[in-house]
Amino acid sequence: MSEQTAPASAEELVPSRHSPAQRVQHLLHRNPALSPLIVLVVAVLVFGVVSENFLRPQSLSLLVQQMAVVGALAVGQTVIVLTAGIDLSIGMAMVLSSLVMVKLNFDHGVPGPLALLIGIAAGILTGVVNGVLVTRINLPPFIVTLGTFSIFTAVALLYAAGQTTALPDDSFLLWTGETIRIGSVGITWGVLLMLVLYAGVGFALRNTAWGRHLYATGDDRDAAELAGIRTKRVLLSAYVVAGVTVGVAAWILCGRVGGADPNAGLNYNLMSITAVVIGGTSLFGGRGLVIGSLLGALIVQVFNSGLALAGVDPNYQVLATGILVILAVAVDQWIRRVKA
Amino acid sequence: MTDPLLELRSVNKSFGPVQVLHDVDFRVYPGQVTALVGDNGAGKSTLVKTIAGIYRADSGDFAFDGKPVTIHSPKEAADLGIEVVYQDLALCDNLDIVQNMFLGREATSGGVVLDELTMEERARTTLASLSVRTVKSVRQSVASLSGGQRQTVAIAKAVLWNSRVVLLDEPTAALGVAQTRQVLDLVRRLADAGLGVVLISHNMVDVLEVSDRITALYLGRVAADLPAKESNLSQIVELITAGRSGDIGIPAATAAESA
Ligand SMILES: Nc1ncnc2c1ncn2[C@@H]1O[C@H](COP(=O)(O)OP(=O)(O)O)[C@@H](O)[C@H]1O
Ligand SMILES: [Mg+2]
């Protein structure tokens with residue numbers, strides 16, 4: 001056959017000519033975590049030069065501890081955003097879950113490990129509520145979670161009667177705040193737990209059929225359905241997985257605040273979304289990596305800590321985060337226009 | 001003549017009050033390309049989706065390999081060896097070629113972890129068996145492919161499963177001349193390999209060239225089912241636009257009834 005010379009195969013013979021900008025676009029399209037990685041490295045270097053304290057092991061380990069709760073929540077948020085959804089309730093769900101753990105343990109004398117399991121179950125239940133509303137009643141995730149955000153907030157405040165509960169220092173639920181020393185670097189069990197969450201969910205997304213179906217559903221629900229994927233189930237599973245991360249994040253939160261505080265969750269909703277977006281996951285679904293969200297959460301904390309150490313007015317930290325979010329979304333839009 | 005691989009008898013299908021398919025008889029033979037032609041809205045896609053188990057026929061009989069069967073879900077169709085390449089290309093842009101070809105039917109080791117090597121290998125051999133040489137790497141993202149290459153991947157996906165009947169709904173509608181050529185060659189090769197192929201197309205020159213039989217639908221009724229060799233361009237155009245041509249086709253009275 002004369003396939004090689006036929007016009008049909010002509011296009012493969014012409015080497016594609018891409019401008020440097022197009023090549024960058026392709027590179028970022030294939031590696032969604034690349035841009036946050038570059039931003040993180042540059043930010044760490046800049047702040048390391050600006051303030052000598054920044055790169056000290058103590059500063060860095062504190063920085064990582066400060067982002068552990070947002071980091072853990074961002075895992076669940078990423079899974080939902082990958083389905084082209086969003087969870088505005090995730091922070092309050094976490095607070096609710098932590099209240100259940102702490103109050104069962106402290107007020108009702110339920111043993112720590114059991115209280116933890118019930119608290120995690122409460123976290124999963126919040127995910128099931130969101131997931132069922134999204135998949136069975138076909139409401140947009142934005143609206144569903146805007147509603148459940150208010151509901152979870154009210155339930156948390158009513159349940160706690162507005163009160164903070166402090167646990168004794170040796171409580172099982174505060175284990176996540178305990179430090180293990182590796183040389184001169186101290187790291188909490190909570191940080192390790194967060195990393196385990198990233199490893200576990202990252203593996204499932206990359207190496208299981210469930211993960212593949214999640215990406216497919218997020219990119220093109222109709223195509224996924226025609227390929228035989230039951231997309232409703234996939235969507236529901238995303239909210240359930242988010243519920244699990246809510247439970248784990250709640251435990252890490254206990255260790256951070258030494259108990260449970262019904263007013264602690266307000267910022268975490270938006271902070272988790274910020275981490276996901278800065279981490280390069282597309283809000284349109286189907287593209288992104290959990291590891292990117294870890295980088296995103298780290299970037300926000302690096303800016304906050306770095307600017308604080310440099311003695312800059314804290315309001316500039318907020319400003320910097322805002323600029324990063326808009327830049328990240330702009331870059332995503334540009335990458336999405338990638339052409340062959 | 002060989003027996004049909006897939007045979008439909010008197011299939012009716014309505015959407016609410018609108019009857020789209022009227023007593024449709026349809027046969028697909030192994031080793032042949034059966035062209036399904038008809039004007040827009042004639043019911044071609046509906047017929048394909050009914051065969052694929054996406055829609056359920058209101059009445060009618062299905063036989064596969066001469067045995068009566070029912071097809072109530074895409075899975076039941078797939079289990080029989082019936083695969084469809086849909087008009088609106090069901091590929092995910094964020095996945096690569098291998099991931100798309102195995103989407104929904106991934107190979108795993110131990111039932112959990114994806115077996116990427118096996119999938120990649122099978123994707124490569126399937127593409128090679130179709131003499132596809134236009135894709136550089138099976139790990140290329142589908143978003144970076146041309147229309148013809150995407151169509152090729154969709155067809156390769158359909159034949160990956162030892163399928164016996166492949167239905168292609170307007171596979172060349174969005175393609176240029178060279179890419180249409182590629183796809184038509186591929187369609188012919190599928191039939192030459194023994195599959196029963198159904199091709200929906202609006203290009204009658206292509207249809208006459210590549211197909212063995214032609215089934216013409218007119219307003220949801222079969223106007224004619226004839227060997228391509230015994231037909232010609234003006235006859236098919238008449239069958240499509242008027243439902244009859246000379247002494248073959250739907251009686252004028254019946255045609256008027258379904259209009
Ligand atoms: N899901 C559906 N619900 C209601 N009507 C439909 C549906 N799908 C197709 N139809 C109608 O059935 C007729 C045949 O459509 P279709 O099978 O897509 O035709 P073709 O593929 O031949 O152009 C059209 O009148 C169309 O409006
Ligand atoms: Mg159609």
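Strands, such as the one that opens this account, are DSSP runs of at least two residues, numbered from the N terminus. In this predicted model, Ser10(B) has its place in strand 1 of chain B, which spans residues 6–15. The mean pLDDT of chain B is 90, with 97% of its residues at 70 or more, and the predictor assigns the complex an ipTM of 0.85 and a pTM of 0.88.

**Positive phi values**

Ser10(B) has a positive phi near 50° although the residue is not glycine, and because 13 C-beta neighbours lie inside 10 Å, Ser10(B) counts as partly exposed. Leu219(B), found in the loop between strand 11 and strand 12 of chain B, is another residue other than glycine with a positive phi, in this case near 45°; with 21 other C-beta atoms within 10 Å, Leu219(B) is buried.

| Residue | Phi |
|---|---|
| Ser10(B) | near 50° |
| Leu219(B) | near 45° |
| Gly243(B) | near 80° |

**Helix 8 of chain B**

Gly243(B), the glycine in the table, follows helix 8 of chain B. Within this helix, which covers residues 233–242, the buried residues are Ile236(B), Leu239(B) and Ile240(B). Their arc around the axis is only 95°, so they lie on the same side of helix 8 of chain B, whereas Ser234(B) and Thr241(B) are exposed on the other side. The buried residues of helix 8 pack against several elements of chain B, among them strand 3 (33–38), helix 7 (204–210), strand 11 (213–218) and strand 12 (221–227). Strand 13 (244–245) and strand 14 (248–249) of chain B also belong to the elements against which these buried residues pack.

Conventions
Residues are numbered from 1 along each chain as its sequence is written. Chains are lettered from A and ligands numbered from 1 in the order in which they are written. This is a predicted model: local features need pLDDT of at least 70, side-chain atom pairs count only at pLDDT 80 or more; totals for chains, interfaces and linings use all residues. pLDDT is the predictor's confidence in each residue, from 0 to 100. A residue is buried if 20 or more other C-beta atoms lie within 10 Å of its own, exposed if 12 or fewer, and partly exposed in between; C-beta atoms are placed from the backbone. Helices (H or I, at least four residues) and strands (E, at least two) are DSSP runs, numbered from the N terminus. The arc is that of the directions from the helix axis to the C-beta atoms. Two residues are in contact if their C-beta atoms, placed from the backbone, lie within 7 Å.
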